[in-house]
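Subject: Structure handover

Hello,

Please find the structure below, with notes on what was found in it. Could you read the notes alongside the model?

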Amino acid sequence: MFDDRITLFTLFGFKVQLDASWIVIALLVTWSLATGYFPSNYENLSTGGYWLMGLFAAAGLFASIIFHEFWHSAVARHYGLPMKGITLFIFGGIAEMTQEPDRPKTEFLMAAAGPLSSVILGFGFYGLELVVDSGSSPTVPGVIFGYLAFINWLLAGFNMLPAFPLDGGRILRSALWAMKDDLVWATRIVCRLGSGFGVGLIAIGVISFLQGYAVSGLWYVVIGMFLRGAAQASAERVRQRLVDSNRGE
Ligand SMILES: [Zn+2]
C-alpha cells in the first residue's frame, strides 16, 4: 500500500514524497470541504466557487502537513539522525528515520517539534483570518484561513494522542524511557496504547456509521486501522532492531 511514491520536491535537503494513498485522501478532503464544510460556513457561492475554496484549503492542509513534518526532520538532523525524507499519506505525513533516537531527550525534542510547529502555524492562520475578516461579514479568504487555523490545531491535537507512533506516543515513550532506562519496555507500553487507540477509533467509526454518519464513520475506521497497523509494525521494527543490535552480547 505504501510503495507507490511520487517525489515532489526537495526542501532544505529533505526529499518530499507523496504516497499514492494521499491522492484518494486529497480528493476526499476537497470533496467534503466543497460540498459540506464551506457551503455551511459561507453562503451564496456557486458550486464551482466552493470547489475552488476546497482546492485552496486542501493545498493549505497539504502545506501545513509538510511544515509539521519538516520541523520533526530539522530537529532530527540537528541531533545527527539521518533522515530519508518526508512522505505524505492519509491524515498526515511521516518524517522517515533510518535510525531511532539514541537518547530520550532527542526523542522528546524531535516528537514535540511537530505539534508545536502546528500550534504556532495555526495561530498564524488565525491571525490572517482576523486581519482579512476585520469587517462585519466573513470573506472567502477569511473562511479558508479560519479552516486552516482549525485544521492545524486539530493536527497538533490528534498527533498528541499518547498512541505510538504518533508524536504524543513518542513523547510518552521518551518519558518512560528516561524513567526506567528501558527502551524495550517503554516501546511495548506505548505500542499497546497505540493499538488500543486504533481499536477505539474503529469502534467509534462503526457506531457513527451505524447511526448514519457514513463519511465521518469511515474516516474514524480508516484512521483507526492505520494507527493499529502502524503501532504493531513499529513495535515489531523496534524489537527487531534491538535484537540485531544486542546480538553477540
Ligand atoms: Zn508529527
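Ile6, Leu8, Phe9, Ile23 and Leu27 make a nonpolar surface patch of about 430 Å². Patches are made of residues with over 30% relative accessible area and no salt bridge, where like charges are joined within 9 Å and nonpolar side chains (Val, Leu, Ile, Met, Phe, Trp, Tyr) within 5 Å. A salt bridge is a side-chain nitrogen of Lys or Arg within 4 Å of a carboxyl oxygen of Asp or Glu. Accessible areas come from the Shrake-Rupley method with a 1.4 Å probe, and for residues only the protein chains shown count as cover.

The elements that give two or more residues to this nonpolar patch are β1 (5-11) and α1 (20-41). β1 gives the most, with three residues. Helices (H or I, at least four residues) and strands (E, at least two) are DSSP runs, numbered from the N terminus.

This is a predicted model, in which local features need pLDDT of at least 70 and side-chain atom pairs count only at pLDDT 80 or more, while totals for chains, interfaces and linings use all residues. Residues are numbered from 1 along each chain as its sequence is written, and side-chain values use heavy atoms, with hydrogens and water left out.

Leucine 27, from the patch, is found in helix α1. Leucine 27 is exposed, at a relative accessible area of 60%; exposed means over 50%, buried under 20%, and partly exposed in between (1.4 Å probe, protein chains only). Serine 40 is also in helix α1, and it is exposed, with a relative accessible area of 61%. Between serine 40 and glycine 224 there are 27 Å in space, C-alpha to C-alpha, and the two are 184 residues apart in sequence.

Asparagine 152 lies in helix α4 (residues 140-159) and is buried, with a relative accessible area of 0%. Leaving aside neighbours within four places in sequence, asparagine 152 is in contact (heavy atoms within 4.5 Å) with Ser64, Ser118, Leu121, Gly122 and Phe125.

Helix α2 (residues 47-78) has 32 residues. From its first C-alpha to its last, α2 reaches 47 Å, close to the expected 46 Å; the expected span is 1.5 Å times one less than the number of residues. Just after α2, glycine 80 takes a positive phi of about 80°.

The chain is divided into domain 1 (1-160) and domain 2 (162-249), with bounds from an automatic or database domain assignment. The contact takes 25 residues from domain 1 and 18 residues from domain 2. The C-alpha centres of the two domains lie 21 Å apart.

Regards
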